Amino acid sequence: DHSKDRHLIYEGGDIMLDLLVKKVDKGASLQVGGQILPSEESLDAVSDVEVHMQQGGNRYRTHTNALGEFAFKTFEDEPFDLSISMNNRRFWVRGLSSPEPKQWRVVPSIPYGGD
């Protein structure tokens, strides 16, 4: 059922985030995948970028492939935060959930230090 899928595109700073959130396991779980696209730089700028997801006390981490793509395996259908660490900046998408797209928001990129 495609109505359970959410396809979102965020643009901020010099990157674009193409995000897909899919319900699985009869709606009890989610799968998240996406692609980071540079607006002017080459694909090298989005290769091997750290992507973090936090859901309550659970934290997950992955890296993008050569095309800027990433995926997280199945996890509970509850709100989560996504962050991308890139070029001494962190891009945040907070409060993601499958049933409430109107509450999704992007926090502008900010400089960060050794965390």
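**Note on the predicted model**

1. In β5, Glu50 has His63 as its bridge partner. The strands concerned, β4 and β5, pair in the antiparallel sense over six bridges. Their hairpin has two residues between the strands, and Gly56 there takes a positive phi near 60 degrees. The model is a predicted one, and the points below should be read with that in mind.

2. Confidence comes next. The mean pLDDT of the protein chain is 79, with 80% of its residues at 70 or more. Strand β5 has the highest confidence in the protein chain, at a mean of 93, while strand β9 (residues 105–111) has the lowest, at 51. Over residues 101–105 the pLDDT is below 50, although this stretch has 13 contacts in the model beyond near neighbours in sequence. Where pLDDT is low, the predicted coordinates should not be read in detail.

3. How many salt bridges does the structure hold? There is one salt bridge, and it joins the side chains of Arg61 and Glu50 at 4.0 Å, N to O. The two residues are 11 apart and belong to distant parts of the chain, with Arg61 in strand β5 (residues 58–63) and Glu50 in strand β4. Arg61 is exposed because its relative accessibility is 56%, and the cut-off for exposed is over 50%. Glu50, with a relative accessible area of 27%, is partly exposed. Side chains of opposite charge can pair when their charged atoms come close.

4. Ser83 is placed in strand β7 (residues 80–86). Leaving aside neighbours within four places in sequence, Ser83 is in contact with Glu50, Val51 and His52, and also with Arg90, Phe91 and Trp92. Is Ser83 buried or exposed? Ser83 counts as buried, because its relative accessibility is 4% and the limit for buried is under 20%.

5. Arg94 lies over the face of Trp92, at 4.4 Å from the ring centre.

6. The backbone at Asp48 deserves a look. Asp48 is a residue other than glycine, yet its phi is positive, near 60 degrees. Most residues other than glycine have a negative phi. Asp48 lies in the loop between β3 (29–38) and β4 (50–55). The relative accessible area of Asp48 is 54%, so this residue is exposed.

7. The count of aromatic pairs comes to one.

8. Val24 belongs to strand β2 (residues 15–24). Not counting residues up to four places away in sequence, Val24 touches Ser29, Leu30, Gln31 and Thr74. Val24 and Phe75 are 51 residues apart in sequence, and their C-alpha atoms are 9.4 Å apart in space. Why does Val24 count as buried? The relative accessibility of Val24 is 19%, and buried means under 20%, so Val24 falls in the buried class.

Conventions
Residues numbered from 1 in each chain as written. Heavy atoms only, no water. Helix = DSSP H or I, 4+ residues; strand = E, 2+ residues; numbered from the N terminus. Buried < 20%, exposed > 50% of the residue type's maximum accessible area, 1.4 Å probe, protein only. Contact = heavy atoms within 4.5 Å. Phe/Tyr/Trp six-rings, centres within 6.5 Å; stacked < 30°, edge-to-face > 60°. Lys NZ or Arg CZ within 6 Å of the ring centre and 35° of its normal. pLDDT = per-residue confidence, 0-100. Pairing = 2+ DSSP bridges.
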